[in-house]
Amino acid sequence: MSVETFVPSTKLITLTDSAVKHFESKLKDKPGQLIRLSTKVSGCTGYAYVLDFADCAQAGDEIVEISPIVNVAVAADATDLLRNTEIDYVTEGVNGVIKYNNPNVVDECGCGESFNVG
């Protein structure tokens, strides 16, 4: 008889392979830059995602190393809202779109602009 122990993911966020490829292509000629993920109060349900390129992390940011090229700084005040979020990059028609698969979301506005957590 063997015993398996459940070990939850210790990563704050993850990126799909397509998201990693997308961000690697954006950062390949910008050594030292990183992606900064935060939230802001917005919309009719509460919060909106803010994704930017940055030269450095801000005080208190949690750095998640995704690949040798891609590092994501998650804003300290957004970690509880974003914990276990998967970031995806998908093609919809002729457009590429960043999607957030956030298991903490309990409500979203109809247009997809904002979200709320429980």
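Guide: Contact means heavy atoms within 4.5 Å. By that rule, residues 24 or more positions apart account for 51% of the contacts in the protein chain with a separation of 6 or more. The model is predicted.

Visitor: Which elements does the protein chain run through from the N terminus on?
Guide: The order is β-α-β-β-β-β-α-β-β-β-β. That gives two helices and nine strands. Of the 118 residues, 35% count as buried.

Visitor: How do you know which kind of pair the rings of Tyr49 and Phe115 form?
Guide: Take the centres and the planes. The centres are 4.3 Å apart, within the 6.5 Å limit. The planes meet at 15°, under 30 degrees, so this pair is stacked. This pair also links distant parts of the chain: Tyr49 in β3 and Phe115 in strand β9 (residues 115–117), 66 residues apart.

Visitor: Why can the charged end of Lys30 be said to sit over the ring of Phe53?
Guide: The distance to the ring centre is 5.4 Å. The cut-off is 6 Å, together with an angle within 35 degrees of the ring normal. Lys30 counts as sitting over the Phe53 ring under that rule.

Visitor: What makes a set of residues the largest nonpolar core here?
Guide: Members must be buried nonpolar residues joined through side-chain atoms within 4.5 Å. The largest such set has 20 residues, and those with the most contacts inside it are Ile13, Leu15, Phe23, Val72 and Val74. Elements giving two or more residues are β1 (13–15), α1 (17–27), β2 (34–42), β5 (71–74), α2 (79–82) and β9. Helix α1 gives the largest share, four residues. Leu15 touches Val20, Phe23, Ile66, Val72 and Ile87, leaving aside neighbours within four places in sequence.

Visitor: How do you know that Arg36 forms a salt bridge with Asp61?
Guide: The closest N and O atoms are 2.7 Å apart. The limit is 4 Å, so the pair qualifies. Arg36 is in strand β2, while Asp61 is in the loop between β3 and β4 (62–65), 25 residues apart. Both residues are buried.

Visitor: How many salt bridges does the structure hold?
Guide: Two. Lys99 and Glu92 form one of them, with their closest N and O atoms 2.9 Å apart, again within 4 Å. Lys99 has a relative accessible area of 33%, between 20% and 50%, so Lys99 is partly exposed. Glu92, at 39%, is partly exposed by that rule too.

Visitor: Why is Gln33 called buried at 18% relative accessibility?
Guide: The value is under 20%, so buried applies. Gln33 is in the loop between α1 and β2. Its side chain lies 3.2 Å from that of Asp55, a polar contact. The limit for such a contact is 3.5 Å. Beyond neighbours within four places in sequence, Gln33 is in contact with Leu27, Phe53, Ala54, Asp55 and Ile69.

Visitor: What does a relative accessibility of 64% make Asp77: buried or exposed?
Guide: Exposed, because 64% is over 50%. Asp77 is in the loop between β5 and α2. The C-alpha atoms of Asp77 and Thr39 are separated by 8.1 Å, and the two are 38 residues apart along the chain.

Note on methods: Residues are numbered from 1 along each chain as its sequence is written. This is a predicted model: local features need pLDDT of at least 70, side-chain atom pairs count only at pLDDT 80 or more; totals for chains, interfaces and linings use all residues. Side-chain values use heavy atoms; hydrogens and water are left out. Rings of Phe, Tyr and Trp (its six-membered ring) pair if their centres lie within 6.5 Å; planes under 30 degrees apart count as stacked, over 60 as edge-to-face and the rest as tilted. Buried means under 20% relative accessible area, exposed over 50%, partly exposed in between (1.4 Å probe, protein chains only). A salt bridge is a side-chain nitrogen of Lys or Arg within 4 Å of a carboxyl oxygen of Asp or Glu. A polar contact is a pair of N or O atoms within 3.5 Å; within protein, one must be able to donate a hydrogen and the other to accept it, and residues adjacent in sequence count only if both atoms are side-chain atoms.
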